[in-house]
Amino acid sequence: MSNASLAYIYGLLAVLLWSTVATAFKIALGYFTPLQLVFVAVITSIFALGMIVVAQRKFGLIAKQFIHRPFFYLLTGLLNPFLYYYVLFEAYDLLPAQQALSLNYTWAILLPILAVPLLGHKLTKTDVLAAIIAYSGVYVIASGGNLTNFNFDSPTGIAFVLSSTVIWCFYWVINTKDDGDAIVSLLLSFLIGLPFVTVAMILHQPIEFISWSALAAGMYVGLFEMGLTFVLWLMALKTTNKTSNITTLVFLTPVLSVGLISVILKEQISLSTYIGLCFILTGLMLQKVLPKTLPKLLPKLMRKTKTQYTNE
């Protein structure tokens, strides 16, 4: 099997698994509070990532990377898994899955905006246009399609999910400074984040009893949102010869997720969700496609215009 085919298999597996997690979040939150779910999922993810690190013979890197940058991993562990997943699960607990899912995808639009003050990047016109379009979709979803009504059904839930996008962006901005092994770094973040999660859960609402169905739901979230799927995605990116071909697969995730939410959770997908999600995906597509296509199209358009003008 060629590397290109193998990369697509890894990428599609990751996308398919990520497409199920919005539904899994709502099911798991039927058994747990948000902090309890973070606790179970993080422990599961630590075991899964630990086994992968051992299988790859990188166990010695855990101590080496931590000793090299202890405060770095303290910060990443605080942001992810602790703050990010706590805030995200609170949002899913308060909102319909279709709304939380759609609004959470705006992190990719927010990332280049935050990179301007934090990394010194330049904000392009494409980034601004993509942000305007995507956050117009956010308003459509948050307002339920009633564009003149500023009374949202769950302003707290919307605040939580949009805050989660900010935390996620900060996490990825900080990770641009990471020069260690990606899987080991993620494992370290989860190992260091676990005490924060544990203390917060004990203070808020400790787990008294876990049924097998609850444990299965929590472990599913830990494996296929936080752990194994991330590794599959990394393998896809490392195997492919053209990263853009793999990254475009991510656009399938929200579409598949909405389908599963409708079928499994029996949520009636509202027209405002479809419209708002289209706005968000359009913003993402513009942000990804325009910077690559314009440099190629403009010279052709200019030559064509010049030829027409000369002929006239």
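Rings of Phe, Tyr and Trp, the last by its six-membered ring, count as a pair if their centres lie within 6.5 Å. In this predicted model, a search of the whole structure finds 13 aromatic pairs. One aromatic cluster is formed by Phe25, Tyr84, Tyr85, Phe89, Tyr92, Trp107, Trp168, Tyr171 and Trp172.

**Phe72 and Tyr73**

- The ring centres of Phe72 and Tyr73 are 5.1 Å apart.
- The planes of the Phe72 and Tyr73 rings stand at 85°, and an angle over 60 degrees counts as edge-to-face, so this pair is edge-to-face.
- Phe72 is buried, its relative accessible area being 10%.
- Tyr73 is buried as well, with a relative accessible area of 1%.
- Arg69 places its charged end over the ring of Phe72, at 4.1 Å from the ring centre.

**Trp107 and Trp168**

- Trp107 and Trp168 form an edge-to-face pair, because their planes are at 85°; their ring centres are 6.4 Å apart.
- Trp107 belongs to helix H6, which covers residues 107-119, and Trp168 belongs to helix H8, which covers residues 155-175.
- The pair therefore ties together parts that are 61 residues apart in sequence.
- With a relative accessible area of 26%, Trp107 is partly exposed.
- Trp168 is buried, and its relative accessible area is 13%.
- Both Trp107 and Trp168 are among the members of the aromatic cluster.

Terms used: Residues numbered from 1 in each chain as written. Predicted model: local features only at pLDDT ≥ 70, side-chain atom pairs only at ≥ 80, totals over all residues. Heavy atoms only, no water. Phe/Tyr/Trp six-rings, centres within 6.5 Å; stacked < 30°, edge-to-face > 60°. Buried < 20%, exposed > 50% of the residue type's maximum accessible area, 1.4 Å probe, protein only. Helix = DSSP H or I, 4+ residues; strand = E, 2+ residues; numbered from the N terminus. Lys NZ or Arg CZ within 6 Å of the ring centre and 35° of its normal.
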